[in-house]
Amino acid sequence: MPAVTYRYQALKESLAAAITSSAARGDDPRLPHALAVVSGLATNGYLASLLVSRYARLGDPNAARAVFDPAAAATPSSSSAAPPKPLLYNAMLRAYLSLGLPREAAQLFRGMLPSACPRDRHTYHLAATACARAGDLELGRRVGADAAAAGLASDLLVATALVGMHAEAGDMGAARRVFDGVPRPDAVAWNAVIGGYARAGRLGEAVGMFGRMRSADGARPTEATLVSLVSGCAGSGTWRDGGMMHGVVVKSGFHCSLFVSNALLEMYSELGSLGKAVTVFRHMEVKDSVTWSSMIGGLIRSDKPGHAVKLFHWMVLNSEVLVTRSILLNVIMACAELGNWREGKWIEESFVLCNGSAFKRDPSVLTALIYMYAKCGQLGLSETLLYGSAEVKSDVVAWNSLIKGCGELGQVEKAFEFAVEMQRMGIDPDAVTFLEILPMISLVPSLKKGMEAHGQIIRRGFQNERTIANSLVSMYGRCGSLSLSVGAFTGIMDKDAISWTSMMQVYAWNGLAAEVVKLFELMKGTEAQPNHYTSVAVLTACKNMGFVEEGMGLLRCMKEQYGLEPHIEHISCVVDMLCRAGRLTDAYHLIQNSHSEHAKNPILWGALLSGSRSWGNLVIGEAAARHLLSLDPENRANYKMLADIYVSLGRRDNADDVLRVLMSRELDLRPGYSWTEGG
C-alpha cells in the first residue's frame, strides 16, 4: 500500500473513531469536525455521514446540513475515493426524521437525482417514511414507483414503509397491493396493514387480516398488533365489537400486557362502557401513568367527574405513579365539570406552583386552569392567571378557553368583552374563537351581533372554513333569519353531513317539514353521508307530514345503506309516526324487533300505549301495558291510560280493576293544589 494512501486511511479511521467516541462520551463533535476540515476529509462521505448523525443527536439540523451540503457536492479526487452517496443521503434523511422534520426529508429526496446519486433500500425506506409523516402522498407514489423500477418494491424494509405510507393516507387499496407483493411479510409489515385498516374504520378487514397473520408462517401477533386492533375498535366500533376484541386479546394471550390493557381501557371508555373499563382497570396488576389518565378521563366522559377527582386523590396517596400532564389536564377538567374551583386551586398549588414543578410554565396546563376558573365563575382568578403568565398571555388558545368558560357559565356579554379585549391586545382571533362565539349569539339570540361576527369572519378570511360556515347556518336560523341561513348554506362549496343537517334543522325550526325532505333528497345525490342527526331531522319531518313509508324506508336504510345503528330517538320518532297513522301493529313489531336495550325502554311502550288509547285498540294497548307496567310499575299515568282504553270500549269493570291495582300500590296520589291570587 502506498505511503500516501496508508496515511490517508489511518487519518480517516482516526477521525471516525474520534467522532464515534465523542458521541459515546457526550463530547462536542466540533473538534473532530475541525480536524476533518483541516485535513481535507470533511467531504468524505463516510466521515460526513458520521458527523451528520452526531449533530442530529444533538438536535442541530442546521449543523448537520452544513456538513452534508459540501460533502454531497464534492467531486472525487485522486486522494479520496468517491463518497458513498447513499450512506450520506441516508444519514441526512434519517437526521431529519429523527428531529421531526419530515417535510425537509421529503424535499431532500426530491433533489436526490438518481444519475448523480444511486439509491438503495434504506433510501426508499426513509423516503417513504418521510412522505407518510409529511402527508405527501404524491411524492410517496413516486417513491413507490421508483422502488418498483429498481426492483425493490417487494423488499421487506421498503414494502413495509410503503404500506405504512399508503395506510396513513387512507389508501388501503394501494397499501394492500404492496403488502400482497411481499413474499414473507414479518410482524412489522402485518402490523402496518392491520393498523391501516383499523385506523380507516374498516374493522372487519383488520380482524380478517389478523386471522390470516395468525395462520401465516414467519410472523406472530405482537403487542402492537393487538393495540392497533383495539384502538381501531375504539374509534369506529360498537360495544359488541369491543367485547369481541377483548375476547381476541384474551385468546391471543396478551391480556396481561400493560400496553394492550391500556388500549382496552381506552376502548371501553370511548365506547361508553364504563363498567367494563373499571373491570379492566381493577384487574391490571401493573398500572402506569397512561392507565390512570385513561381511567380518570373515562370517568369524566361518563359524567362522573366527582369519581374522577376521588380516583386522582387515591392515586396520589397510594401509588408511586408521578402526576403527568395528561393526568393533570384530566383532573382539572373534572374540577371544571364539578364547578369546584377550590379543588382546582388546591391542584394548582400542589402540582403546578410547587417548587421544581415542570408545569408552572406549561401552556396547556395553564390554559386548562384558566378555563376551569372561568367555568366555575372565578373570572378574577382566570384573568390573573392569563395576564400574569407570559407563556399564555399572547396565546389565542388561552383566550379561547377563557371565552368558552364564560359562555358555558352563561356570561355571554363577558365572553364578547374578552373577544374584543383580545383583539385590542393585538391577538388575532382564529377559527376556534368564532366557533365559540357563534353558538353564544344563537343563545342570546341577537341577529345584530351575528351579522357583526359574520363581518369579522369575512374580514379575517374564515368565510370558506366549513365548520364556521356550518355554525353560521345554525346561528342565523336561531336568530330567526331563514334567508341569511339559506345564504350561508348556499355559500358552502364542499358541504358535509353537518352542513346539510344544520340547514334541515333550520327548516324544521321554521315548520317547513317538506323542505327538510326535499333537502335530504338533494343530499343523497352528493358524496356526503347522512349521520344520526340527519336521520333524526328527516324522520321528524316525515312524522310531522305523515310520510310513513318514507320514514320507514329511511329507518331501514340507516344501517343497510349508511352503516348507522338506529338510536332510541330514531325508533321513538318512527313509533310515534306509526301511532299517529293508526299502524299500531307495525309499531308494536318495530319495538319488539329492535335492539334489546330499545325494547326495554319504557318511553317506546308508553308512546304505543298512548297511541292505543287514541285509537281505542285494546289488543295492542294491553300488550303495551304489560311491557310498560313491568318496566315502569311506579308510573301512575300508565295505569290511567290503560283504564281509559277500557272505559272508551265500555269495559268499566276492567277499568275498575286497573284502578284498584293503582290504589293498592298507593300510587293514587292526590291531585296537586296551587294557591294563586286572583284579581
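Is Phe-109 buried or exposed in this predicted model, where buried means under 20% relative accessible area, exposed over 50% and partly exposed in between (1.4 Å probe, protein chains only)? Phe-109 counts as buried, because its relative accessibility is 1%. Residues are numbered from 1 along each chain as its sequence is written. The model is predicted, so that local features need pLDDT of at least 70 and side-chain atom pairs count only at pLDDT 80 or more, while totals for chains, interfaces and linings use all residues, and side-chain values use heavy atoms, with hydrogens and water left out.

The protein chain has a mean pLDDT (the predictor's confidence in each residue, from 0 to 100) of 86, and 89% of its residues reach 70 or more.

The structure holds 11 aromatic pairs, a pair being rings of Phe, Tyr and Trp (its six-membered ring) whose centres lie within 6.5 Å, with planes under 30 degrees apart counted as stacked, over 60 as edge-to-face and the rest as tilted. One of these is the edge-to-face pair of Phe-109 and Tyr-124, with 6.4 Å from centre to centre and 65 degrees between the planes. This pair links distant parts of the chain, since Phe-109 belongs to helix H6 (residues 102–110) and Tyr-124 to helix H7 (residues 121–134), 15 residues apart; helices (H or I, at least four residues) are DSSP runs, numbered from the N terminus. Tyr-124 is likewise buried, at a relative accessible area of 5%.

Phe-434 and Phe-462 form a tilted pair, 5.8 Å centre to centre with 55 degrees between the planes, and both residues are buried.

Notes. Helices (H or I, at least four residues) and strands (E, at least two) are DSSP runs, numbered from the N terminus.
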